[in-house]
Amino acid sequence: ILLNTLGGDVEAGLAIAEMIAGMSKPSVSIVLGGGHSIGVPLAVSTDVSFIVPSATMTIHPVRTNGMVLGVPQTMTWFQKMQDRITRFVTENSRMKPERFRELMEKDELVMDIGTVLEGSEAVREGLIDHLGGISDAVQCLYSLIEKRKPAEPEKPAKSSAKGKKSDKAEKSAKSEKAEKSGKTTAHTKRS
């Protein structure tokens with residue numbers, strides 16, 4: 001999965017991330033450019049994640065625009081959504097929930113709260129698995145595919161002349177046994 005996103009709809013992004021994480025096929029992600037906002041769960045949803053050195057990832061609290069009802073239930077909904085994202089990211093990366101929340105609430109951004117991590121910082125923090133490029137990600141994917149290939153079943157030995165003779169001898173023995181017991185088969189019945 002190649003990622004270069006500013007983010008987007010939280011529900012849709014988390015659903016896509018859950019779908020990717022639940023696949024039985026090997027998966028690898030690489031962040032090229034940016035993996036911001038809901039791009040963070042998408043980046044960590046694969047079996048192995050990569051980021052190029054110049055890419056960045058923004059971790060920030062859930063937010064919305066437009067008309068919002070200023071009631072306690074709205075804040076409860078935001079908190080539950082944030083908990084779902086935190087749980088998903090920390091279960092699919094090496095980052096601890098406490099550290100993820102800490103980075104989310106930093107006052108580092110000019111017009112918002114949150115943190116921007118560059119490639120090596122994302123790896124150091126345990127958010128992303130490896131620093132690398134597209135060739136590293138593709139090589140990793142091929143390696144995962146090879147590891148998950150089922151072992152080839154053993155092929156039965158080719159029948160030899162000896163095997164054919166023993167098959168004939170076995171059929172002949174069955175015919176003789178059937179004749180002795182008085183039973184006839186299609187193979188032993190003679191006209």
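In the predicted model, helix 3 (residues 72-91) and helix 4 (residues 97-104) pack with their axes 9 Å apart and at an angle of about 125°. Axes are lines fitted to C-alpha atoms, for helices over the stretch in contact, and angles between N-to-C directions run from 0 to 180 degrees. Helices (H or I, at least four residues) and strands (E, at least two) are DSSP runs, numbered from the N terminus. Helix 3 and helix 4 are therefore oblique to each other; angles under 35 degrees count as roughly parallel, over 145 as roughly antiparallel, 65 to 115 as roughly perpendicular, and the rest as oblique. The crossing of helix 3 past helix 4 is right-handed, a term used if the near helix is turned clockwise from the far one by less than a right angle, with left-handed for anticlockwise.

At this crossing, Gln82, Thr86, Val89 and Thr90 of helix 3 meet Pro97, Phe100, Arg101 and Met104 of helix 4. The residues of this contact divide into 4 nonpolar, 3 polar and 1 charged. Here Ala, Val, Leu, Ile, Met, Phe, Trp, Tyr, Cys and Pro count as nonpolar, Asp, Glu, Lys and Arg as charged, and the others, Gly among them, as polar. Contact means heavy atoms within 4.5 Å. Gln82 of helix 3 is buried, with a relative accessible area of 8%; buried means under 20% relative accessible area, exposed over 50%, and partly exposed in between (1.4 Å probe, protein chains only). Leaving aside residues up to four places away in sequence, Gln82 touches His60, Pro61 and Val62 as well as Phe100 and Met104.

The model is predicted, so local features need pLDDT of at least 70 and side-chain atom pairs count only at pLDDT 80 or more, while totals for chains, interfaces and linings use all residues. Residues are numbered from 1 along each chain as its sequence is written, and side-chain values use heavy atoms, with hydrogens and water left out.

The chain holds 7 helices and 6 strands, which run β-α-β-α-β-β-α-α-β-α-β-α-α from the N terminus on. Of its 191 residues, 36% are buried. Among contacts in the chain with a separation of 6 or more, 64% come from residues 24 or more positions apart.

Strand 1 (residues 2-5) and strand 2 run parallel and are joined by 3 bridges; two strands pair if DSSP finds at least two bridges between them. In this pairing, Leu3 stands opposite Val31, and Thr5 stands opposite Gly35. Leu3 and Thr5 form the covered face of strand 1, whereas Leu2 and Asn4 form the uncovered one. In strand 2 (residues 28-35), 6 of the 8 residues are buried, so this strand is largely enclosed by the rest of the structure.

Ser37 lies in the loop between strand 2 and helix 2 (39-44). The phi angle of Ser37 is near 55°, a positive value in a residue other than glycine. With a relative accessible area of 23%, Ser37 is partly exposed.

Gly119 belongs to helix 5 (residues 119-124) and counts as buried at 0% relative accessibility. Not counting residues up to four places away in sequence, Gly119 touches Ile51, Val52, Pro53, Ala55 and Leu131. Between Gly119 and Gly33 there are 86 residues of sequence separation, and the C-alpha to C-alpha distance is 9.6 Å.
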